[in-house]
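Open the model in your viewer and keep the selection panel at hand. The stops below go from one selection to the next.

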Amino acid sequence: MAIVENIQFIEKEIEGKGVTLVAVSKTKPVEMLMEAYNAGFKRFGENYVQELVDKYEQMPKDIEWHFIGHLQSNKAKYIAPFVSLIHSVDSLKLLQEINKQAAKHNRVVDCLLQIYIAEEDTKSGMTEEECLEILKAETLEKLPNVRIVGLMGMTTLTDDEAQIRKEFKKLSVFYTKLKTQNSEFRTLSMGMSGDYGIAIEEGSTMIRVGSKIFGGRIYQK
Ligand SMILES: *Cc1c(COP(=O)(O)O)cnc(C)c1O
């Protein structure tokens, strides 16, 4: 029951804020996801292709599946038939491959461009310059089977709140600027279990929460 209570707790926190919750269910068994599903929650995020495909096959078909991990181009074909949103597009090459695979299924796949905001260089993503290059009309024209609906970012792994806020703010400013020029922009994916409160204050519209839902602990007022 903890899973359902945790989701309800977070849903209550974000109520009326225009923020969507993605339950990050990576490494968790289907039974745990089904607990959430049976309580009416149908939006899950996974970061391994094989695991996502396995869960997709085993679970009801009205689930919204989000891919949030690093995606290798040669694996795009496995998720292209059904994925709802890919949060983690980090290169033009990957976007081209998603476009190609989505076309085979007559789909337009929603994608976010993952922007590099952390100070450490271990996190994948692209620079703002690369992002602007991709968003040029000449580039997008050739990619009719993908729709770039916003941005995603992950902060430096640190307890320094000021640092985290600064990184979220930077991404949010960039997103807001792009939104005025890109009519499809509607999603700013930032914030995880430890920092979604700050992310929402800085303008997040989608949070990706794993351990605070599936971690076992029950969150209550
Ligand atoms: C695991 C993961 C999350 C969720 O992290 P928690 O701290 O468990 O909430 C969010 N985003 C990405 C990209 C992840 O890999």
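Start with strand E4, residues 85–89. E4 is mostly covered: five of its five residues are buried, where buried means under 20% relative accessible area, exposed over 50% and partly exposed in between, with a 1.4 Å probe and protein chains only. Strands (E, at least two residues) and helices (H or I, at least four) are DSSP runs, numbered from the N terminus.

Before moving on, note that this is a predicted model: local features need pLDDT of at least 70, side-chain atom pairs count only at pLDDT 80 or more, and totals for chains, interfaces and linings use all residues. Residues are numbered from 1 along each chain as its sequence is written, and side-chain values use heavy atoms, with hydrogens and water left out.

**Serine 88**

Select serine 88, which lies in E4. Is serine 88 buried or exposed? Serine 88 counts as buried because its relative accessibility is 0%. A polar atom of its side chain lies 2.5 Å from the backbone oxygen of glycine 69. That is a polar contact, meaning a pair of N or O atoms within 3.5 Å; within protein, one must be able to donate a hydrogen and the other to accept it, and residues adjacent in sequence count only if both atoms are side-chain atoms. Leaving out residues up to four places away in sequence, serine 88 touches Phe67, Ile68, Gly69, Leu94, Leu112, Gln114 and Met152, a contact being heavy atoms within 4.5 Å.

**The partners of E4**

Two strands pair if DSSP finds at least two bridges between them. Show phenylalanine 67: its bridge partner in E4 is isoleucine 86.

E5 and E4 run parallel and are joined by three bridges. Valine 89 stands opposite leucine 113 in E5. The chain goes from E4 through H5 to E5 in a right-handed β-α-β crossover; right-handed means that, with the strands pointing away from the viewer, the path from the first strand over the helix to the second runs clockwise.

**Helix H5**

Select H5, residues 92–104. Its 13 residues reach 19 Å from the first C-alpha to the last, close to the 18 Å expected at 1.5 Å a residue, the expected span being 1.5 Å times one less than the number of residues. Colour Leu94, Leu95, Glu97, Ile98, Asn99, Gln101 and Ala102, which are buried. Just after H5, asparagine 106 has a positive phi of about 55 degrees.

Move to strands E1 (residues 20–24) and E2 (residues 43–46), which run parallel and share two bridges. Valine 24 stands opposite glycine 45 in E2. From E1 the chain crosses through helix H2 (residues 30–38) to E2, and this crossover is right-handed.

E2 is joined to E3 by four bridges, and the two run parallel. The partner of phenylalanine 44 in E3 is tryptophan 65. Helix H3 (residues 49–58) carries the chain from E2 to E3, again as a right-handed β-α-β crossover.

**The ligand**

Finish by selecting the ligand. Residues around the ligand include Val24, Asn47, Ile68, Met154 and Arg208, each with a heavy atom within 4 Å. Polar side-chain atoms of lysine 26 and serine 193 lie 2.8 Å and 2.5 Å from an oxygen atom of the ligand. At glycine 210, a polar backbone atom is 2.8 Å from a ligand oxygen.
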